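Try each task before you read on.

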Amino acid sequence: MDMPRLLIVDDDTSFCMLLQGFLKRKGFEADTAHDYEKASQSLAKNAYDLVLTDYRLPDGTGIDVLKESKKLAPATVVILITAYSDIRVAVEAVKLGAFEYVTKPVNSDELFHVIREGLKKRETSEKKTKEPVRNGRKFLVGSSEEARKIEEHIRVVAPTDISVLIIGDSGTGKEYVARRIHELSKRKKEPFVAVDCGALHPDIAASELFGHVKGSFTGAVNDKTGHFEAVGEGTIFLDEIGNLSYDVQMKLLRAIHERMGRKVGGNNEFPIKARIIAATNENLKKAVDEGRFREDLYHRLNEFNMALAPLREREADLMMFAQFFLEDAVAEFDKFISGFDEEVQRIFIRYEWPGNLREMRNIIRRAVLLSKSDRIHREVLPEEIYRNDSMKNLSDDVQPVVNDLKEVKNLSEKEAILQALEKTRYNKTKTAKLLGIDRKTLYNKLHLYDIEL
Ligand SMILES: Nc1ncnc2c1ncn2[C@@H]1O[C@H](COP(=O)(O)OP(=O)(O)OP(=O)(O)O)[C@@H](O)[C@H]1O
């Protein structure tokens with residue numbers, strides 16, 4: 001790629017200048033705009049690889065900038081900068097096609113990392129080679145019963161050609177599951193292409209998916225290959241499928257039905273060989289009932305469905321994911337941090353996690369960058385995540401009794417051990433881990449309290 005060109009949108013002029021200087025030193029060319037109006041003018045005039053926009057702007061929001069950018073240049077990567085209090089907005093932005101969000105105060109290392117990842121993604125989606133996307137992502141299965149069931153289903157459907165519909169809130173890992181199905185399938189050497197239907201502007205959705213011929217509409221200055229043709233015999237992942245217009249749903253149904261596609265404005269057909277995996281975070285059945293989504297298409301996509309639970313309901317997997325993201329960030333930023341202190345573990349268990357795994361990964365990455373200790377303490381977490389209003393209501397059965405034995409004051413040790421055992425289905429290694437003690441200590445306590453297994 002030539003020198004990447006970025007647009008920074010923020011009404012804080014000194015922040016813009018600082019960032020512009022920082023990015024210049026990193027080898028990027030960056031323009032600035034201080035409001036939505038200026039940003040849309042710049043987007044109309046110039047071709048940017050990446051747009052970095054603050055959420056709160058004097059005459060609009062970063063979401064407006066995102067939408068404008070997706071309309072004018074769908075491949076441009078958009079990163080949103082938000083205050084942590086706007087985390088739900090950030091989650092919404094990702095649904096609408098933002099690549100990532102970064103929270104304030106902006107940490108330059110974190111921002112640079114996200115920009116680099118965004119540009120990498122832009123490059124791979126631009127190349128459209130037959131190379132499969134290999135980016136070394138590791139897939140964590142999890143230890144809960146639900147996680148094991150998902151893994152089992154992945155392995156059952158992977159070798160087949162049936163269409164899979166993955167249902168889950170934003171950030172629960174739908175794309176990760178789709179990639180895993182692809183990687184365990186016989187198509188693994190072919191490309192995996194993820195298309196964010198939520199980010200596709202209705203005017204260009206058909207052309208993005210199926211391509212267009214030159215001159216078929218204003219702006220179609222060249223022939224364009226669509227995702228279905230580019231992916232060949234690989235896997236196409238259609239995220240936020242519920243957002244496709246009725247017209248495009250029709251085209252998609254035909255493509256699945258007849259296994260043939262046609263470019264916008266073209267006469268010739270091309271074969272469709274891709275496997276389709278779709279995902280949604282809304283109730284598609286309801287969309288069908290309300291007439292927003294075609295019932296026939298729904299059934300074609302829903303040959304097999306998988307539902308991913310929100311992170312707040314995956315208590316048994318939660319600290320495992322936290323440790324996984326920690327190790328990842330530690331390796332990436334070359335730090336020495338071995339774990340989370342007890343208070344942080346309790347905060348994690350009690351927090352609502354509206355952004356699910358993506359939010360957790362971002363919080364941990366940031367904490368790793370900021371941490372000066374060998375354990376993660378509360379001070380490096382955004383305050384918003386431990387304020388009372390962001391905590392889930394704890395009912396008796398989800399008291400953090402089993403997370404840290406030493407801190408449990410109002411329950412007897414024996415009770416805590418019994419609860420932990422039940423929670424891990426009597427797996428002693430996991431029980432010890434959950435209680436923050438080693439196996440030997442657990443054995444001693446089992447003996448002490450006469451707990452027979
Ligand atoms: N099984 C997993 N193992 C490791 N990391 C995971 C796993 N699932 C999700 N993640 C992490 O969570 C992030 C979000 O996952 P993913 O993009 O798959 O979610 P999604 O449900 O497709 O989100 P959206 O609907 O917002 O696009 C990933 O970038 C990855 O870091």
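This is a predicted model: local features need pLDDT of at least 70, side-chain atom pairs count only at pLDDT 80 or more; totals for chains, interfaces and linings use all residues.

**Exercise 1.** Find the loop that holds arginine 259, then decide: is arginine 259 buried or exposed?

*Solution.* Arginine 259 has 12 C-beta neighbours inside 10 Å. The cut-off for exposed is 12 or fewer, so arginine 259 counts as exposed. Now check the backbone: its phi is near 60 degrees, a positive value in a residue other than glycine. For context, most residues other than glycine have a negative phi.

**Exercise 2.** Run the check again on asparagine 356: buried or exposed?

*Solution.* Asparagine 356 belongs to helix H15 (residues 356-370). Phi is positive here too, near 55 degrees. Count next: 24 other C-beta atoms lie within 10 Å of asparagine 356. Buried takes 20 or more, so asparagine 356 is buried.

**Exercise 3.** Work out the strand order of the open five-stranded sheet, and say which strands are at the edges.

*Solution.* Walk across the sheet and you get E2-E1-E3-E6-E7, with parallel pairing. Strands E2 (29-33) and E7 (100-103) each pair on one side only, which makes them the edge strands. From one strand to the next, the twist averages 20 degrees. Zoom in on E1 (residues 5-9): five parallel bridges link E1 and E2, and isoleucine 8 stands opposite threonine 32 in E2.

**Exercise 4.** Which bond joins lysine 104 and proline 105?

*Solution.* Look at omega: about -5 degrees, a cis peptide bond. Proline 105 lies in the loop between E7 and helix H5 (108-127).

Key
Residues are numbered from 1 along each chain as its sequence is written. Two strands pair if DSSP finds at least two bridges between them. Helices (H or I, at least four residues) and strands (E, at least two) are DSSP runs, numbered from the N terminus. Axes are lines fitted to C-alpha atoms, for helices over the stretch in contact, and angles run from 0 to 180 degrees between N-to-C directions.
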